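Hi,

Here is the structure I promised to pass on to you. Please have a look at it first, and then read my notes below.

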Amino acid sequence: LGVLSAALATQPATALGFLLGSCLLAVAYNVTLFQALATLSTVGTAILGNVKIVLLLFLSALFLGELRTWSTAQLVGFALT
């Protein structure tokens, strides 16, 4: 909360932009999830959840530069998931 207060005090437009952007992404995610639940079976929804986790791990590791520091065991676990 302290970081948000400081950001709002020093850069209000940027902080509000990030808040609004994250809110819009959350709404889009919830609508997409609702549509997926209405369309897919229980198994399909579970598979989609696993794919989401793998993509989040890979993209965060790629964009944050952590992929180079992954051990062999982490890479194998990622591939098996």
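In which helix does L4 lie? L4 belongs to helix 1 (residues 2-10), where helices are DSSP runs of H or I with at least four residues, numbered from the N terminus.

Before the rest, a word on the ground rules: this is a predicted model, local features need pLDDT of at least 70, side-chain atom pairs count only at pLDDT 80 or more, and totals for chains, interfaces and linings use all residues. Residues are numbered from 1 along each chain as its sequence is written, and side-chain values use heavy atoms, with hydrogens and water left out.

Back to L4: its relative accessibility is 35%, so it counts as partly exposed (buried is under 20% relative accessible area, exposed is over 50%, and partly exposed is in between, with a 1.4 Å probe and protein chains only).

Next, the largest pocket, which holds about 220 Å³ of space. A pocket here is an open set of points on a 1 Å grid over the protein atoms alone, where a 1.4 Å probe fits, with protein on both sides within 12 Å along at least five of seven lines; lining residues have an atom within 4 Å of a point. The volume is the space filled by probe spheres set on the points, which are joined across faces, edges and corners. Helix 2 (12-39) and helix 3 (42-63) are the elements that give two or more residues to this lining, and helix 3 has the largest share, with seven residues. Among the lining residues are Y29, L33, G49 and K52.

G49 sits in helix 3 and is partly exposed, because its relative accessibility is 26%. Its C-alpha is 15 Å from that of V31, 18 residues away in sequence.

A46 is also a helix 3 residue; at 46% relative accessible area, A46 is partly exposed. The C-alpha atoms of A46 and A73 lie 24 Å apart.

Finally, there is a nonpolar surface patch with about 880 Å² of accessible area together, and its members include V43, F58, L59 and L64. Areas come from the Shrake-Rupley method with a 1.4 Å probe. L59 is in helix 3.

Best wishes

Definitions and conventions:
Patch = residues over 30% accessible without salt bridge, like charges linked within 9 Å, V, L, I, M, F, W, Y side chains within 5 Å. Salt bridge = Lys/Arg side-chain N within 4 Å of Asp/Glu carboxyl O.
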